[in-house]
Amino acid sequence: MANYTESIEKLIELLIKLPGIGRRSAERVIEYILDAPKEEIKLLSEKIVYVKENVRLCKKCHNLSEQELCHICHDSRRKNNIVCVVEKPNDVIAIEKAGYFDGVYHVLMGSISPIEGRGPDDLKIESLLKRIKEDNITEIIIATDADIEGETTALYLAKILKPLGIKLTRIGLGIPVGSNLEYADSATLAKAMQSRRDI
């Protein structure tokens, strides 16, 4: 059986470290790389390096940004007193695609997961509490995933936020239990935002 060259095998090993990429997918990516024009592959590699060097977390909400503040925090048309709390930057993108929410976000950068050794101190909760105190927040919408970790995180947030006396809601109908926000369609997410409930 013929083997790939050593350099291709090393590239396959690197590619299969990416989420959702198995050996066969890595081989297809390599086929594309070998068939594509050199300029296109050079541009791809430059963009990967650029993203790694220039994309950071927004100083205020922890969303992805190339500036100190992300485009949502910088948008004066947004309702800054309503904050939607999500687990990951991909969740912001999913909710934005739904086109219903006109507040701002706070990205926790994960969820509470004792099995994975991730507790409340590993999330961006302190900066959320600081925002609530400094930015005159009137409502927090908890939009964590509907899986065990997301529900655990929602319950923890409710416990520490309820005493602050602000309106606290949880996204409602439409998000199946055990699912991730980033995989929900826009109509489902819009319905979930509209049907949020007090917690």
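Axes are lines fitted to C-alpha atoms, for helices over the stretch in contact, and angles between N-to-C directions run from 0 to 180 degrees. Helices are DSSP runs of H or I with at least four residues, numbered from the N terminus. The model is predicted: local features need pLDDT of at least 70, side-chain atom pairs count only at pLDDT 80 or more, and totals for chains, interfaces and linings use all residues. Residues are numbered from 1 along each chain as its sequence is written, and side-chain values use heavy atoms, leaving out hydrogens and water.

**Exercise 1.** Describe how helix 1 crosses helix 2.

*Solution.*
- Step 1. Take helix 1 (residues 6–15) and helix 2 (residues 23–35): their axes come within 9 Å and cross at roughly 125°.
- Step 2. That makes helix 1 oblique to helix 2. (Under 35 degrees is roughly parallel, over 145 roughly antiparallel, 65 to 115 roughly perpendicular, and the rest oblique.)
- Step 3. The crossing of helix 1 with helix 2 is right-handed, meaning the near helix is turned clockwise from the far one by less than a right angle.
- Step 4. Contact means heavy atoms within 4.5 Å. Helix 1 contributes I8, E9, L11, I12 and L15; helix 2 contributes R23, A26, E27, V29, I30, I33 and L34.

**Exercise 2.** Describe how helix 5 crosses helix 6.

*Solution.*
- Step 1. The axes of helix 5 (residues 125–134) and helix 6 (residues 148–161) come within 12 Å and cross at roughly 40°.
- Step 2. Helix 5 is therefore oblique to helix 6.
- Step 3. Helix 5 and helix 6 cross in a right-handed way.
- Step 4. From helix 5, I125, L128, L129 and I132 meet Y156, L157, I160 and L161 of helix 6.

Technical notes. Helices (H or I, at least four residues) and strands (E, at least two) are DSSP runs, numbered from the N terminus.
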